[in-house]
Amino acid sequence: MVKLIVDGSEVEVAAGSSVLQACEQAGREIPHFCYHERLSVAGNCRMCLVEIEKAPKPIASCAYPVAEGMVVRTDTPMVRQARRGVMEFLLINHPLDCPICDQGGECDLQDQAYAYGGDHSRYAENKRAVKDKELGPIVKTVMTRCIQCTRCIRFATEIAGVPELGATARGENMEVGTYVEHALTSELSGNLIDICPVGALTSKPYAFVARPWELTKTDSVDVLDAVGTPIRVDTKGPEVLRFLPRVNDEINDEWMADKSRFSFDGLKRRRLDRPWIRQNGRLVQATWPDAFAAIAARLRGVDPKRIGAVAGDLCDAESMMALKDLMGALGSQNLDCRQDGAQIDASRREFYLFNSTIAGIEAADAILIVGSNPRREAPILNARIRKRWLATGGHMPVGLIGPQAELTYGVTHLGDGPGLLASLQDGSHDFAQMLRGADRPLVIVGQGALRRPDGAAVLAQTWRVAASVGALSADWHGFNMLHSAAARVGALDLGFLPGASGLDFAGMVGGGVDVLWNLGADEFDGARIGAGTFVIYQGHHGDRGAARADVILPGSAYTEKDGTYVNTEGRVQRGYRALFAPGDAREDWRILRAFSAVIGHALPYDDIDALRGRMEQVNPVFARVGLARFGASDQSGPGGANPPPLPEAAPFVEAVTDYYQTNPISRASLTMAECSRIAPAALAAAPLAVAAE
Amino acid sequence: MSVLHPGAFSADNVGDGSTAAHNRMEPTHFAFDAESEAEIGRIIARYPQGKQASAVLPLLYLVQDQMRRHTASGWVPRVAMDAVAARLRMPPIRVYEVATFYLMFNTTPVGKYHLQLCTTTPCWLRGSDDVVAACRKVTGIKGWHETSEDGLFTMSEVECLGGCVNAPILQIDNDFYEDMDGPLTERLLESLKRGEAPPQPGSMIGRMTSAPEGGPNTLLTVTE
């Protein structure tokens, strides 16, 4: 620790901190543009000048290390003068277009010019103008506004791992861009919008839509992948206008994936806003009582064994609890939350969690990825692996079994299928030695490895690999399952799985049930459902599930209900309702509660608190929001003592083939459709990136 | 880049490589020839293992020289920057940044002879205006960074070339022609126009390195 004096008060900071960090710790605000705590230091905007005793000139505090006994002053005439001067230079070439700039109201330059700039302009010459760059459907550019802080360049290079942005030419002619024009190939490109301190990079879908002070902000949780990124939903009237990430160092740092950020227009399109009933092969509009009556009529006299329910990927835990209880009341044990057919052993919670936790990745020193492409399945988690890989100087070994993929860090491709798992267990494979030599080896198994007939065997063998390399110890749990569905862990925690004599998903759709309650499952082909099966689709989008439905009950999307979600780590999080569902649509658990009363099996909860009490009763993890990290106490793996041997060496397939189109909301989004359309061309046009930098 | 003051490079020279004009000139392929390959090995060996990216400047010079040999225009096309990036295992954008930062690299084609005229104070005091006027007269070029109609010459204004002692300097491609004046410049360019090989670079008035004009006037006798 180093002691120094900032504006007369003593502060103690970690050695190696910058003067700027020390000043912030002392509670002094230092204006800055290029400095960003999660990026490397550039020191080129010069806004953070402070006075340091015995130094002849003002010092750029972001790039100046602290020293013992240093005396720093942040509010002297010299500092004020220097800031005014720097601001005047920055504004020389910055257009005075705040009234038509989307950054207005949340612009660092605007705020800091107000606080630290001069009160008038002395500049009468022409300002420079810069041609706008085309960076794809997400990031809008107005490059004349760029103050060349290079944050975007550093973000793309360091965090996103796609070194595509750079500063070309020099001096007054310097421009930020890709030089060869192409859309950015990152799944994290939306963060450039947040990180740009001016209005040079703004949101294309949000262009000219609203001012920040007009928006109502609601905290929620993203459900478009299983990371559970904490988000802020910005709404105005009946519309979601944008999503922004909230800062959570344990989950997302402060980043957010593009699909999660830009699918919001999908919330306004293809919505189910009233009940529908199929009559003579055609869906006709109906009222709630009619829809309930139709379902009740069909259920009458059906053998409980011939009733089943499936839960989709975006469901809140509350609605799944209510559906499970409804099925229980009807006497059915046919429940499943795995519409993708993933073979998951839910007998112990650690068998299906990302046990190391996302923040825990930063402690890992060797990683084995089995049947997963984390860049597509969970871009935020992938960024964390890259962060760790960079922190080790690019030396951390990362092995991949599955389809080859560019993951933004150095990866050794070990093979395509599960055949290797045996040699990784007995240590004969080279990579097994690397894992054994690591203090904290981390094994990730993805859904691509489990969605296959021998998925249970792959899971069991992967656990054994983790056990054999010492990844399971009292203080480190290195076995991790990476989910791609936000609802999955919550469903597994609630036991939304076939009962002792119940049918699984394949059994139900294969003609095993006469009545199937489909709660938002859209990721399978409706034609698989037997022709004689009566399907109730409860969800929010007219997607694949609704197309094969006999009764449609309009539910709420995640922004329209209070909900509990459990992310892939097992972290319980709550989202709050930001707006009301359209038309006659209702919150999902309320629909189920109302229907249960119609058939005389009223569920024993009348409000969400009582329902959450019931969830807690079923699984105590729902008692508190958050996550406790734990080590491995029991080495015995899924599948029992003698897990099924590995059958075929069939190669793993990608769980997510098109990142931008994985759920009904993103499929309804025009922005995501455009991203998906241009992605292959952008990848082809982007010069081949070298992960090492 | 729409606001340009006199002397600034034209908008075509920097930035966006996707303009139609640029695409017309851009070759579809670039590969180092044998002569360059031999040199690349020597250059990369100068730098420590893992620091090959340091060789980006010499390699870009190599590209420019090879282009001059093959196409009679010493410039660095984008495909060549990609080739340099691939060779040095660095992201292409990092090469684009370097190549566009240094004005010594031409990112658009130039004439067979790239005339780089220093007009900074010492050269200007010693008559660089005459050299510029002579160049304009012989080549017919009006503005900076334009190429003559016969494709032989491109004129660029450059900052100090570090040869002030023998000012004014005219740099043709990689070579300095020193102690220039109007008539000398005219004669030099006319000979190039006739297709003669460029003369030996250095002082055009017979000065030995940077010794005084007409020979040394101190230390006339040097005792061993």
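**Exercise 1. The elements of chain B**

Task: In what order do the elements of chain B run from the N terminus on, and how many helices and strands does the secondary structure come to?

Solution. Step 1: read from the N terminus, chain B goes α-α-α-α-α-β-α-α-β-β-β-β-α-β. Step 2: its secondary structure amounts to eight helices and six strands. These elements belong to a predicted model.

**Exercise 2. Burial and contacts in chain B**

Task: What percentage of the 224 residues in chain B is buried, and what percentage of the contacts between residues at least 6 apart in sequence joins residues at least 24 apart?

Solution. Step 1: of the 224 residues in chain B, 47% are buried. Step 2: take the contacts in chain B between residues at least 6 apart in sequence; 64% of them join residues at least 24 apart. Chain B has an accessible surface of about 11,500 Å², and carbon and sulfur atoms account for 55% of it.

**Exercise 3. The sheet of chain B**

Task: In which order do the six strands of the open sheet in chain B lie, and which are the edge strands?

Solution. Step 1: the order across the open sheet is S2-S3-S1-S4-S5-S6 (chain B), and the pairing is mixed. Step 2: strand S2 (146-147) and strand S6 (202-203) of chain B are the edge strands, each pairing on one side only. Step 3: look at one pair inside the sheet. Strand S1 (residues 113-118) and strand S4 (residues 170-172) of chain B are antiparallel and share three bridges. In this pair, Leu117(B) is opposite Leu170(B) of S4(B). Helix H7 (residues 128-139) of chain B lies across S1, strand S3 (153-158) and S4 of chain B, at about 155 degrees to S1(B). Helix H8 (residues 182-193) of chain B lies across S1, S3, S4 and strand S5 (175-178) of chain B, and runs at about 15 degrees to S4(B).

**Exercise 4. A five-stranded sheet in chain A**

Task: Why is one side of strand S2 (9-13) and of strand S4 (59-60) of chain A left without a neighbour in the sheet?

Solution. Step 1: the open sheet has five strands in the order S2-S1-S5-S3-S4 (chain A), with mixed pairing. Step 2: S2 and S4 of chain A stand at the edges and have a single partner strand each, so one side of each has no neighbour in the sheet. Step 3: for S4(A), a pairing is formed with strand S3 (residues 49-52) of chain A, antiparallel and over two bridges. Leu49(A) has Ala60(A) of S4(A) as its bridge partner. Step 4: helix H2 (residues 77-92) of chain A lies across S3 and strand S5 (71-73) of chain A, at about 155 degrees to S3(A).

**Exercise 5. Strand S11 of chain A**

Task: How many of the seven residues of strand S11 (residues 230-236) of chain A are buried, and how many bridges join S11(A) to strand S12 (residues 239-245)?

Solution. Step 1: five of the seven residues of S11(A) are buried, so the strand is mostly covered. Step 2: strand S10 (residues 216-221) of chain A pairs with S11(A) in the antiparallel sense, over six bridges. Here Lys217(A) is opposite Asp234(A) of S11(A). Step 3: S12(A) also runs antiparallel to S11(A), and six bridges join the two. Ile231(A) has Pro245(A) of S12(A) as its bridge partner. Step 4: the hairpin of S11(A) and S12(A) has two residues between the strands, and Gly237(A) takes a positive phi near 60 degrees there.

How values were computed. Residues are numbered from 1 along each chain as its sequence is written. Chains are lettered from A and ligands numbered from 1 in the order in which they are written. This is a predicted model: local features need pLDDT of at least 70, side-chain atom pairs count only at pLDDT 80 or more; totals for chains, interfaces and linings use all residues. Side-chain values use heavy atoms; hydrogens and water are left out. Helices (H or I, at least four residues) and strands (E, at least two) are DSSP runs, numbered from the N terminus. Buried means under 20% relative accessible area, exposed over 50%, partly exposed in between (1.4 Å probe, protein chains only). Contact means heavy atoms within 4.5 Å. Accessible areas come from the Shrake-Rupley method with a 1.4 Å probe; for residues, only the protein chains shown count as cover. Two strands pair if DSSP finds at least two bridges between them. Axes are lines fitted to C-alpha atoms, for helices over the stretch in contact, and angles run from 0 to 180 degrees between N-to-C directions.
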